[in-house]
Amino acid sequence: VQLVESGGGSVQPGGSLRLSCVASGRLFDIDVMGWYRQAPGKQRELVASITTNSGTNYADSVKGRFTISRDNAKNTVSLQMNSLNPEDTAVYYCRQVVMLTPATTWRTYWGQGTQVTVSS
């Protein structure tokens, strides 16, 4: 299984971006999906996560600005980011907890990361 991210880039303050992450390969089920970010010199932090029943959790810094969603049929998780500010600049990583077959346990997979830069 590979997680392929898309949608990063550069945007001015106040702008919007939408990130997407699709799990490719043969798998049986996906549990929680989420987005993390890591800014230079800082630890990786949770941005948002979503359960199979679409229960969501957001970092306080992004509440009201970011929206996470998932499409179970397409093994995809998305992050709509609005009202971006320079503090949102980071590499954003997708994380999915995957079961490859009914006989295996859950495993955590990470995407390769996509750069988001917010600057005037």
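Strands β7 and β8 form a hairpin in which four residues lie between the two strands, and asparagine 75, in the turn, has a positive phi of about 55°. The structure is a predicted model, in which local features need pLDDT of at least 70 and side-chain atom pairs count only at pLDDT 80 or more, whereas totals for chains, interfaces and linings use all residues. Residues are numbered from 1 along each chain as its sequence is written, and side-chain values use heavy atoms, with hydrogens and water left out. Strands, here and below, are DSSP runs of E of at least two residues, numbered from the N terminus.

Strand β7 (residues 66–71) pairs with β8 in the antiparallel sense over six bridges, two strands being taken to pair if DSSP finds at least two bridges between them. Within this pairing, aspartate 71 stands opposite threonine 76 in β8. Strand β3 (residues 17–24) also pairs with β8 in the antiparallel sense, over six bridges, and here leucine 19 stands opposite leucine 79 in β8. Of the six residues of strand β8 (residues 76–81), five are buried, so the strand is largely enclosed by the rest of the structure; buried means under 20% relative accessible area, exposed over 50%, and partly exposed in between, with a 1.4 Å probe and protein chains only.

Serine 78 lies in strand β8 and, at 8% relative accessibility, counts as buried. Its side chain makes a polar contact of 3.3 Å with the side chain of serine 20, where a polar contact is a pair of N or O atoms within 3.5 Å; within protein, one must be able to donate a hydrogen and the other to accept it, and residues adjacent in sequence count only if both atoms are side-chain atoms. When residues up to four places away in sequence are not counted, serine 78 touches Arg18, Leu19, Ser20, Trp35, Thr67, Ile68 and Ser69, contact meaning heavy atoms within 4.5 Å.

Leu19 is also among the residues touched by threonine 114, together with Glu5, Gly8, Ala90, Val91 and Tyr92, again not counting residues up to four places away in sequence. Threonine 114 belongs to strand β11 (residues 114–118) and is buried, with a relative accessible area of 11%.

Valine 4, in strand β1 (residues 2–6), is partly exposed, with a relative accessible area of 40%. Apart from its neighbours within four places in sequence, valine 4 is in contact with Ser20, Cys21, Val22, Ser24 and Gln112. Valine 4 and glycine 111 lie 107 residues apart in sequence, yet 5.9 Å apart in space, C-alpha to C-alpha.

A search of the whole structure finds one aromatic pair. The ring centres of tyrosine 36 and tryptophan 110 are 5.0 Å apart and the ring planes stand at 65°, so the pair is edge-to-face; rings of Phe, Tyr and Trp (its six-membered ring) pair if their centres lie within 6.5 Å, planes under 30 degrees apart counting as stacked, over 60 as edge-to-face and the rest as tilted. Because tyrosine 36 lies in strand β4 (residues 29–38) and tryptophan 110 in strand β10 (residues 106–110), the pair ties together parts that are 74 residues apart in sequence. Tyrosine 36 counts as buried at 18% relative accessibility, whereas tryptophan 110 is partly exposed at 36%. The charged end of arginine 44 sits over the ring of tryptophan 110, 4.7 Å from its centre.

How values were computed. A charge sits over a ring if NZ of Lys or CZ of Arg is within 6 Å of the ring centre and within 35 degrees of the ring normal.
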